[in-house]
Amino acid sequence: MKPNLIRYGGTVIAIVFVMAILNALALQYVGFGIPPAATILLPLMLAAAREGQIAARAGLAAPEMPALLRAAGICTAVYALIAACFFLVLRLSFGEAFALPGAGMARFGLTGFILVVAFVINASFLSLGHKTETKKLAQKAGK
């Protein structure tokens with residue numbers, strides 16, 4: 001399985017922007033926002049599931065574990081690059097007002113934990129997206 005990195009990255013960025021808009025609207029009109037964990041995890045879930053679905057539509061077989069882990073690693077690297085770019089833009093725009101929480105090694109531990117979670121989510125949802133789309137195509141062919 002070879003995910004299209006531009007499509008994956010574009011999906012992640014588009015979902016992040018949509019969630020930012022929804023968060024701003026919810027804060028303004030409802031009084032509460034989207035939980036921060038959802039803004040980190042939901043774009044990964046949707047983008048990875050979409051890539052799995054597209055691979056299934058292309059007729060590719062279900063990915064073996066090494067290929068799945070390689071694809072998840074590549075997607076996680078793209079996500080890390082996107083997150084670093086967002087961080088740099090915010091840091092350069094807002095300066096010290098936008099700083100990472102924690103100090104020293106705690107900052108790197110949190111970042112490492114988020115990247116491990118991103119890897120697991122990418123692997124899970126690449127496989128899940130492929131599996132659900134394969135079932136949907138089989139049902140459609142059976143009708």
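1. From the N terminus on, the elements of the protein run α-α-α-α, and the secondary structure comes to four helices and zero strands. Helices (H or I, at least four residues) and strands (E, at least two) are DSSP runs, numbered from the N terminus. This is a predicted model, in which local features need pLDDT of at least 70 and side-chain atom pairs count only at pLDDT 80 or more, while totals for chains, interfaces and linings use all residues. Residues are numbered from 1 along each chain as its sequence is written, and side-chain values use heavy atoms, with hydrogens and water left out.

2. Overall dimensions and surface. Taken along the principal axes, the C-alpha atoms fill a box of roughly 55 × 40 × 20 Å. The protein exposes about 9100 Å², of which carbon and sulfur atoms supply 73%; accessible areas come from the Shrake-Rupley method with a 1.4 Å probe, and for residues only the protein chains shown count as cover. Of the 143 residues, 24% are buried (buried means under 20% relative accessible area, exposed over 50%, partly exposed in between; 1.4 Å probe, protein chains only). Among contacts (heavy atoms within 4.5 Å) between residues at least 6 apart in sequence, 84% join residues at least 24 apart.

3. Helix α3. The 30 residues of α3 should span 44 Å at 1.5 Å a residue, and the 42 Å between its end C-alpha atoms agrees with this; the expected span is 1.5 Å times one less than the number of residues. The buried residues of α3 include Ala67, Leu68, Cys75, Thr76 and Tyr79.

4. Thr76. This residue belongs to helix α3 (residues 65-94) and is buried, with a relative accessible area of 9%. Leaving aside neighbours within four places in sequence, Thr76 is in contact with Leu115, Ala118, Phe119 and Asn122. With Asn122 there is also a side-chain to side-chain polar contact of 3.1 Å. A polar contact is a pair of N or O atoms within 3.5 Å; within protein, one must be able to donate a hydrogen and the other to accept it, and residues adjacent in sequence count only if both atoms are side-chain atoms.

5. Aromatic pairing. Rings of Phe, Tyr and Trp (its six-membered ring) pair if their centres lie within 6.5 Å; planes under 30 degrees apart count as stacked, over 60 as edge-to-face and the rest as tilted. The count comes to one aromatic pair. The ring centres of Phe17 and Phe86 are 5.9 Å apart and the planes stand at 85 degrees, so the pair is edge-to-face. Because Phe17 lies in helix α1 (residues 5-29) and Phe86 in helix α3, the pair ties together parts 69 residues apart in sequence. Phe17 is partly exposed at 47% relative accessible area, and Phe86 is partly exposed at 28%.

6. Three salt bridges are counted, a salt bridge being a side-chain nitrogen of Lys or Arg within 4 Å of a carboxyl oxygen of Asp or Glu. One of them joins the side chains of Glu51 and Arg7 (2.8 Å, N to O). Glu51 lies in helix α2 (residues 36-57) and Arg7 in helix α1, so this pair ties together parts 44 residues apart in sequence. Glu51 counts as buried at 4% relative accessibility, whereas Arg7 counts as partly exposed at 27%.

7. Salt-bridge network. Arg57, Glu133 and Lys136 are linked in a network of salt bridges. The closest N and O atoms of Arg57 and Glu133 are 3.0 Å apart. This pair links distant parts of the chain, with Arg57 in helix α2 and Glu133 in helix α4 (residues 105-142), 76 residues apart. Glu133 is buried at 4% relative accessibility. The side chains of Glu133 and Lys136 meet at 3.5 Å, N to O; being three residues apart in helix α4, Glu133 and Lys136 are separated by about one helical turn. Lys136 is partly exposed, with a relative accessible area of 43%.
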